[in-house]
Amino acid sequence: MLSYVALRGCCSACKTRISPRYPIIEILTGLISAYVGWRFGLTLKCLGALILCWALISLTFIDFDTQLLPDDITLPLIWAGLLINIPSTFVTLHQAVIGAAAGYLSLWSIYWLFKLITGKEGMGFGDFKLLAALGAWMGWTMLLPIVLVSSVVGAVVGIGLMTLARHGKHVPIPFGPYLALGGLIALFWGPALLQAYLPFLM
């Protein structure tokens with residue numbers, strides 16, 4: 001950040017303009033990391049939450065750029081979620097295993113149902129793996145809040161892009177960033193989300 005400001009956003013050698021996204025990502029990562037440290041303290045949960053947040057930030061910007069969620073991040077994230085929950089760090093291992101399986105199968109089922117009805121692909125396989133990872137970290141009870149939050153935010157942003165930025169309705173919008181946002185919200189405020197939506201299911 002200091003070098004970016006000192007160099008006025010340009011490369012020191014060739015003077016090429018450096019995109020402001022890089023300092024923005026650094027600031028965002030720093031703020032989220034500081035909040036994680038403040039919220040969880042010096043615990044295993046803090047270390048796990050940092051790893052999860054860093055991975056979600058990386059996946060968000062990769063998906064925005066390429067509309068891909070690389071297996072190199074999503075698959076290790078699934079295993080890491082299962083391993084860190086062996087001592088019930090976030091949830092019990094039982095909940096984590098069911099969360100990983102349910103997270104993958106839920107979006108997988110929606111994908112094939114949508115494809116059978118429309119003949120088109122509504123999402124990528126990376127979305128299945130990301131939701132499986134979030135289920136492994138936070139358990140199956142968090143899957144519905146994560147999907148609801150990501151769907152609402154994705155719909156609002158999609159409508160905004162089509163109306164304000166004239167984003168073509170046939171141009172795909174990546175779903176991974178909204179799943180990542182839903183995962184972050186569930187990580188920090190999951191119990192409150194559960195209390196909010198459980199009365200509607202009873």
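Y111 counts as buried, at 3% relative accessibility; buried means under 20% relative accessible area, exposed over 50%, and partly exposed in between (1.4 Å probe, protein chains only). The structure is a predicted model, in which local features need pLDDT of at least 70, side-chain atom pairs count only at pLDDT 80 or more, and totals for chains, interfaces and linings use all residues. Residues are numbered from 1 along each chain as its sequence is written, and side-chain values use heavy atoms, with hydrogens and water left out.

A search of the whole structure finds 10 aromatic pairs. Rings of Phe, Tyr and Trp (its six-membered ring) pair if their centres lie within 6.5 Å; planes under 30 degrees apart count as stacked, over 60 as edge-to-face and the rest as tilted. Y111 and F128 form an edge-to-face pair, with 5.5 Å centre to centre and 70° between the planes. Y111 lies in helix α5 and F128 in helix α6, so this pair ties together parts that are 17 residues apart in sequence. Helices here are DSSP runs (H or I, at least four residues), numbered from the N terminus.

F128 is buried, with a relative accessible area of 0%. F125 and F128 form a tilted aromatic pair, at 4.9 Å centre to centre and 35° between the planes. The two are 3 residues apart in helix α6 and are therefore separated by about one helical turn. F125 counts as partly exposed, at 38% relative accessibility. One aromatic cluster is formed by Y104, Y111, W112, F125 and F128.

## Nonpolar core

The largest nonpolar core has 46 residues. A nonpolar core is a set of buried Ala, Val, Leu, Ile, Met, Phe, Trp, Tyr and Cys residues joined through side-chain atoms within 4.5 Å. The residues with the most contacts inside this core are V36, L52, L134, M138, I146, L187 and F188. Two or more residues each come from α2 (21-40), α3, α4, α5, α6 (125-138), α7 (143-164) and α8 (176-197).

Leaving aside neighbours within four places in sequence, L134 is in contact with L52, L56, G139, I146, L179 and G183; contact means heavy atoms within 4.5 Å.

## Helix α3 and T60

The 23 residues of α3 should span 33 Å at 1.5 Å a residue, and the end C-alpha atoms are 33 Å apart, which agrees. The expected span is 1.5 Å times one less than the number of residues. Buried residues in α3 include C46, L52, L56, T60 and D63.

T60 has its place in α3 (residues 44-66) and is buried, with a relative accessible area of 13%. The side chain of T60 reaches the backbone oxygen of L56 at 2.8 Å, a polar contact (a pair of N or O atoms within 3.5 Å; within protein, one must be able to donate a hydrogen and the other to accept it, and residues adjacent in sequence count only if both atoms are side-chain atoms). Apart from neighbours within four places in sequence, T60 is in contact with P177 and A180.

Most residues other than glycine have a negative phi. Q67 follows α3 and has a positive phi of about 60° although it is not a glycine. Q67 is found in the loop between α3 and α4 (71-84) and is partly exposed, with a relative accessible area of 39%.

S88 is a residue other than glycine with a positive phi, near 60°. S88 lies in the loop between α4 and α5 (93-118) and is partly exposed, with a relative accessible area of 39%.
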